[in-house]
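Let's go through the interfaces here, one question at a time. Have a look at the model first.

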There are 2 protein chains.
Amino acid sequence: MRFLSRGVAAVALAALLAPAAQAQSASKIDSLAIRTIYDEALLRGQSYENLRQLTSQVGGRLSGSPEAQKAVEWGKAAMEKAGFDRVYLQEVMVPHWVRGAKEKAEAKVGSKATKFNVCALGGSVATKGKLKAGVVEVTSWDQLAAMPDNQVKGKFIFYNRPMNPTFIETGRAYGDAGDQRRRGAIEAAKRGAVGALVRSLSLAHDDYPHTGTMSYDDKVNKVPAAALSTNGADQLSQLLKANPTLTFELEMACQQLPEVKSYNVVGELKGSKYPDEIISVGGHLDSWDLAQGAHDDGTGIVQSMEVLRLLKATGLRPERTVRAVFFMNEENGTRGGLKYAELAKAANEKHVAAMESDGGGFTPRGFGVEADPATLAKIQSWAPLFVPYHSEEIGPGHGGTDIGPLKGQVKALIGYDCDDQRYFDIHHTAADTFDKVNRRELEMGGASMAALIYLISKYGL
Amino acid sequence: MRFLSRGVAAVALAALLAPAAQAQSASKIDSLAIRTIYDEALLRGQSYENLRQLTSQVGGRLSGSPEAQKAVEWGKAAMEKAGFDRVYLQEVMVPHWVRGAKEKAEAKVGSKATKFNVCALGGSVATKGKLKAGVVEVTSWDQLAAMPDNQVKGKFIFYNRPMNPTFIETGRAYGDAGDQRRRGAIEAAKRGAVGALVRSLSLAHDDYPHTGTMSYDDKVNKVPAAALSTNGADQLSQLLKANPTLTFELEMACQQLPEVKSYNVVGELKGSKYPDEIISVGGHLDSWDLAQGAHDDGTGIVQSMEVLRLLKATGLRPERTVRAVFFMNEENGTRGGLKYAELAKAANEKHVAAMESDGGGFTPRGFGVEADPATLAKIQSWAPLFVPYHSEEIGPGHGGTDIGPLKGQVKALIGYDCDDQRYFDIHHTAADTFDKVNRRELEMGGASMAALIYLISKYGL
């Protein structure tokens, strides 16, 4: 390889630090503070080891499961061990959906059967034994709407619209194609179909079916919904071209059990000047059950805890109170996020900002901000400080599902943004495991988050 | 996960496209051209499949090896199949160093032996049987220089200075620590030591020893040089603390064979307006023998070929001639790069620019440019066009080892820059395999390179 060197960052920083003498001095101090945070993260970062524990000792932790409870206990113990000023739980009732026995599926053409690797979408009802029906493939809602009833009634609707690979932001492609997963079962039932088969939301061509939450509408019948891997979807599409009358057999034993008591885990560093002003930084502690929930969202959890540890270890004591929040139940209910906002409101707490890391633990790029223009501009004015770390992309964007309910109670909802090109290859699948996380990338993310939290803590919003 | 959205890119692009009406119009056309290139790469990119072939059908391909010859044949056939205007070979003599039987190493304290996973550094002499000696650990040249002769004579010098993890650009840390590998054997021999043990150049803590080229000085004795994995280096350091008089045994059968005839592989798209003006884009075809040479530098090879394919497939025929060059022997000699520059000069060819991709096949970030200030400024003026692809970091930087010899014959040497945080975890080790390459990241890199080549081809430098 060649030796790399990128001069652009230093040049840009120098130019941007120019304006007035006072501002320059403040910038220099902040620049040094951020360098200290990064050094601590890169030399002695704890995120990676914490993630190793969470993924290996707890693993997948769907809301309501014994593993989710174990994750709560692990999180509380980890924050207590880190020596934060205060660590506590917030009780919250959560849905409890279980997958049951491994799902089975096959397509039959005469006596010839082709097996498919499928998984139930989160929240789906069971098939009650083997559900057999023909399959109708659609790649748009309009196409489904245009089909006569007799073509869809009693069939599986097979939603096979791929994520759009030409969107540079993969999250945009996920949002764009996600309606099939979210509304597929409802729209299928409305037309008298018996179930929904949904192409996995992935940009990779592989054999992993991707789960994720789906919805029902109380006004229509609840039909089972399963995901096919992208390879599987391509294969079923090919089979259908040759044999439009094939029979598909699906067997899923999932069920919705009664709600369960669970918890958000909260840790605090008290602000030195304005202890009553709160900045929250969090991720979600629950994950889908198929894998270890490493990138989704173990990385967000350990980074949030690391933000506090970095501020403590570097002696950059925040002037405002900083809270790490491990939200419960992002994946199928957002109950933790709703509870956190509800309790904050009830206690009349003053929340300045909330940040969430829930887009994977890859190399940091910047932040997406939901705020009024003046607040956004203030946050963007700090971008030069992030240039040396290639993490200066600060602009309007989505904050996060768990912090969303705080809208109206905070000046800014901030989403931590990292390189997302490979995120959806593993998202919500059995492949979302610890080995997919790179130590440096993860620790740099925590440092980037801590740097912005530090600035907000110092200057307010 | 939350849905991501980054508004900053679009906003910045709109602002930057503002100035004058004419410039705006040119920018719009260029912007559309680049979008077309990216769409082709993301929808029908061939880099990933080509890399699969190169890594699985050829594998590791050290200069002079039968695999290197096979890689030449594969490369020529692949470029011919792609239908470029002209495909040819450039003969070049290359060194032929072979590793021989797998290296062995152990440390002995009394009757207790601890095995170490080691590999010969490229170019090292053999040990001629088992080489046994004590070990002296150093972490700086000054420390070595200060040691009395009787402390180092007849010993292994163990260079254990880690790469500096606080450098944000990992390439900088590689350059910074690389002197131990490059000069370790020479400096050891000068002090009468029997060999050099070098901590692997890696930011990961793992068990893979990293090879790479090392040097000898004809004026001093040639002593063997081996790499220890980072974990191994930590372990040896610990052992030495407890037992400074331990004995280390090293066995390596590597040898330097006579030089071998080999080739650069060149493919051309003729320029439509200025066919005699040449823009080269390349990577190196050779790799170390320990793995498949996927990121180093299979990705650079397939991306370079893809640049031409993208221009051809999109109909964006370049106005200047664009050459894809698969350089031979970057890793231990740069003979291919030297030959290419020599032939260009001898033929009095007019070379405009040369680009190299040799920093891994990860998400594109921008380009490092070696050029005079005016040329650099011209290239930087195109940065806004790369903003939508987060690949706009264009600044002074290193071009590449293979294109280096063209200095003085071109207006600009350009290094393709991508996210490098995880690169040195696998670089020069058995772990540099196809599965570490992400399809989207790889294809986006080829698109980013093609976009800049397109602009240079259109506007010149």
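**Interfaces within and between chains**

Q: How many residue pairs are in polar contact across the interface of domain 1 of chain A and domain 2 of chain A?
A: The rule finds 5 residue pairs there, both residues at pLDDT 80 or more. A polar contact is a pair of N or O atoms within 3.5 Å; within protein, one must be able to donate a hydrogen and the other to accept it, and residues adjacent in sequence count only if both atoms are side-chain atoms.

Q: What should I know about the model and its numbering?
A: It's a predicted model, where local features need pLDDT of at least 70 and side-chain atom pairs count only at pLDDT 80 or more, while totals for chains, interfaces and linings use all residues. Residues are numbered from 1 along each chain, chains are lettered from A, and side-chain values use heavy atoms, leaving out hydrogens and water.

Q: What makes A:Glu441 and B:Arg422 a salt bridge?
A: The term asks for a side-chain nitrogen of Lys or Arg within 4 Å of a carboxyl oxygen of Asp or Glu. Here the N to O distance is 2.8 Å, so the pair qualifies. Chain B and chain A have 4 salt bridges between them, whereas the interface of domain 1 and domain 2 of chain A has 0.

Q: What is the area buried between chain B and chain A?
A: About 5,700 Å², with 49% from carbon and sulfur atoms. That's accessible area (1.4 Å probe) lost on putting the two parts together, summed over both. For domain 1 and domain 2 of chain A, the figure is about 1,200 Å², 62% of it on carbon and sulfur atoms.
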